[in-house]
Amino acid sequence: MTPRRVYRSLAAAESVTWTLLIAGMLLKYVAHLGALPVLIAGSIHGVVFIAYALMAAVVGVNQNWGAMRTVSAVLTAIVPYATIPFDRALERRGLLDGGWRLRAGDGPRDHKWERRTLRWLLRRPVLLVAVIIVGILAIFSALLLIGPPGGWGAQ
C-alpha cells in the first residue's frame with residue numbers, strides 16, 4: 001500500500017465519518033432519538049480521526065512535506081470535509097507521489113531521528129501497524145477519560 005493510497009483512503013474515510021457524526025447529531029437533536037446515535041457515530045469518527053491524524057504525520061514525514069504542511073494535514077481533520085480539498089491540493093502538487101522511503105538518501109533530513117525511526121518501522125510493517133493501533137487506542141482512551149466535547153454534562 002503506497003503513501004498515496006493510505007493517505008487518500010483515510011482522508012476520504014474521515015469525511016465519511018463526519019457525515020455519520022452530523023447525521024447522528026441530527027438524530028439526537030432534531031429527531032430526539034437520544035444520545036446513542038452521537039455516541040456510535042462519534043466513536044467511529046473519533047477512531048478514524050485519530051488514524052487519519054497519525055497517518056497524515058507518518059506520510060508527511062515520509063514524503064518530506066515539512067512541519068507546516070504536515071501539521072496542516074492533521075488540522076484539516078478538525079474542519080468537516082476539509083481533508084478532501086487538502087488531499088486534492090497535495091495530489092495536484094505531486095506531494096503524494098513515490099513509495100515508502102525505506103533507505104536514507106543523501107540529504108541531511110534523512111538522518112534525523114524521526115526519519116530513521118520511520119524507516120526502521122517501515123521495514124517492520126507488522127510492528128508499524130501494531131504501534132499505530134496502540135497509538136489510536138491510547139489517544140482514544142485518553143480522550144474518553146477527558147470527556148466528550150462540551151464536558152460530561154453535554155450529553
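Below are two exercises, each with a worked solution. This is a predicted model, where local features need pLDDT of at least 70, side-chain atom pairs count only at pLDDT 80 or more, and totals for chains, interfaces and linings use all residues. Residues are numbered from 1 along each chain as its sequence is written, and side-chain values use heavy atoms, with hydrogens and water left out.

**Exercise 1.** Work out how helix 2 and helix 5 cross, and which residues meet.

*Solution.* Start with the general idea: two packed helices are described by the angle between their axes and the distance between the axes.

Step 1: the axes of helix 2 (residues 36-62) and helix 5 (residues 113-122) come within 10 Å and cross at roughly 105 degrees. So helix 2 is roughly perpendicular to helix 5 (that word covers 65 to 115 degrees).

Step 2: from helix 2, Val58, Val61 and Asn62 meet Glu114, Arg115, Leu118 and Leu122 of helix 5 (contact means heavy atoms within 4.5 Å).

Step 3: sort the residues of this contact, and you get four nonpolar, one polar and two charged.

**Exercise 2.** Find where histidine 32 and asparagine 64 sit, and say whether each is buried, partly exposed or exposed.

*Solution.* Step 1: histidine 32 is in the loop between helix 1 (3-29) and helix 2. Its phi is positive, about 55 degrees, although it is not a glycine. With a relative accessible area of 64%, histidine 32 is exposed (over 50%; buried is under 20%, partly exposed in between, using a 1.4 Å probe and protein chains only).

Step 1: asparagine 64 lies in the loop between helix 2 and helix 3 (67-75). Asparagine 64 also has a positive phi, near 60 degrees, and is partly exposed at 26% relative accessible area.

Terms used. Axes are lines fitted to C-alpha atoms, for helices over the stretch in contact, and angles run from 0 to 180 degrees between N-to-C directions. Helices (H or I, at least four residues) and strands (E, at least two) are DSSP runs, numbered from the N terminus. Angles under 35 degrees count as roughly parallel, over 145 as roughly antiparallel, 65 to 115 as roughly perpendicular and the rest as oblique. Ala, Val, Leu, Ile, Met, Phe, Trp, Tyr, Cys and Pro count as nonpolar, Asp, Glu, Lys and Arg as charged, and the others, Gly among them, as polar.
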